[in-house]
Every structure is written in structure tokens, then in C-alpha cells.
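Hi everyone, thanks for having me. Please take a moment with the sequence and the model on the screen, and then we'll walk through them together.

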Amino acid sequence: MSKYGPTRGELWFRFAFSAVGLALMAFAVFYRGFHGIASVEIIGIAGAFFGGSLVWCVLKLFGQK
């Protein structure tokens with residue numbers, strides 16, 4: 001772990017927050033559906049944020065020891 005990077009506890013929090021965010025977004029899409037190009041943009045930005053954060057946390061947590 002880097003001297004100046006986030007702690008493992010913070011990485012686990014970010015991991016959980018991102019997973020819950022993606023799950024809530026998936027539920028919203030399932031429940032409300034797509035309604036125009038704005039929905040695609042919002043889902044794309046939220047998916048990129050939560051998905052990118054989730055992948056980054058997984059790489060930091062389970063990558064190098």
C-alpha cells in the first residue's frame with residue numbers, strides 16, 4: 001500500500017459505496033426504464049463513476065500485496 005494512498009478501510013468503504021450505487025442504478029433502470037437520450041447520458045456517467053471506482057478499488061484491494 002502506498003504511504004500516501006487511501007487506507008484499506010477507506011478502500012472497502014469506497015468498494016461498498018460503488019457496489020450499492022451500481023445496484024441502485026440498475027434497480028432504477030429496471031423500475032423506470034429508459035426515457036430518451038438524457039437517461040442514457042445519466043446512466044452512462046453514473047455507470048462510469050461507480051463502475052470505475054469499483055474497478056479501481058478491486059485492483060487496489062486484491063492486486064498487489
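Let's start with Glu10, which is partly exposed, at a relative accessible area of 34%. For that word I use these cut-offs: buried is under 20% relative accessible area, exposed is over 50%, and partly exposed is in between, with a 1.4 Å probe and protein chains only. Before I go on, please keep in mind that this is a predicted model, where local features need pLDDT of at least 70, side-chain atom pairs count only at pLDDT 80 or more, and totals for chains, interfaces and linings use all residues. Residues are numbered from 1 along each chain as its sequence is written, and side-chain values use heavy atoms, with hydrogens and water left out.

So, which residue forms a salt bridge with Glu10? The partner is Arg14, and the closest N and O atoms are 2.7 Å apart. By salt bridge I mean a side-chain nitrogen of Lys or Arg within 4 Å of a carboxyl oxygen of Asp or Glu. The structure holds one salt bridge. Arg14 is partly exposed, with 30% relative accessibility. Both Arg14 and Glu10 belong to helix 1, four residues apart, which is about one turn of the helix. Helices here are DSSP runs of H or I with at least four residues, and strands are runs of E with at least two, numbered from the N terminus.

Now let's look at helix 1 as a whole. Which residues of helix 1 are buried? They are Leu11, Ser18, Gly21 and Met25, and helix 2 is part of what covers them. Just after helix 1 comes Gly33, with a positive phi of about 80°.

Helix 2 has 26 residues and reaches 36 Å from its first C-alpha to its last, close to the 38 Å expected. Its buried residues are Ser39, Phe50, Gly51, Ser53, Cys57 and Leu61, and these pack against helix 1.

Ser18 lies in helix 1 and is buried, with 2% relative accessibility. Leaving out residues up to four places away in sequence, Ser18 touches Phe50, Ser53 and Leu54; contact means heavy atoms within 4.5 Å. Ser18 and Leu54 are 36 residues apart in sequence, yet 5.5 Å apart in space, C-alpha to C-alpha. With neighbours within four places set aside, Ser53 is in contact with Arg14, Ser18 and Ala48. Notice Arg14 turning up again: that is the residue that bridges to Glu10.

Val20 lies in helix 1 and is partly exposed, at 49%. Its C-alpha is separated by 8.9 Å from that of Phe50, which is 30 residues away along the chain.

Next, the aromatic rings. A pair of aromatic rings is described by the distance of the centres and the angle of the planes. Rings of Phe, Tyr and Trp (its six-membered ring) pair if their centres lie within 6.5 Å; planes under 30 degrees apart count as stacked, over 60 as edge-to-face, and the rest as tilted. How many aromatic pairs does this rule give? The count is six. One of them joins Trp12 and Phe62: the ring centres are 5.7 Å apart and the planes are at 80°, so this pair is edge-to-face. It links distant parts of the chain, with Trp12 in helix 1 (residues 8-32) and Phe62 in helix 2 (residues 37-62), 50 residues apart. Trp12 is partly exposed, at 39%.

Phe49 and Phe50 are edge-to-face too, with 5.2 Å from centre to centre and 70° between the planes. Is each one buried or exposed? Phe49 is exposed, at 53%, whereas Phe50 is buried, at 16%. Ring pairs also link Phe49 and Phe50 with Phe13 and Phe17 into a cluster.

That's my tour, and I'm happy to take questions!

Key:
Expected span 1.5 Å × (residues − 1).
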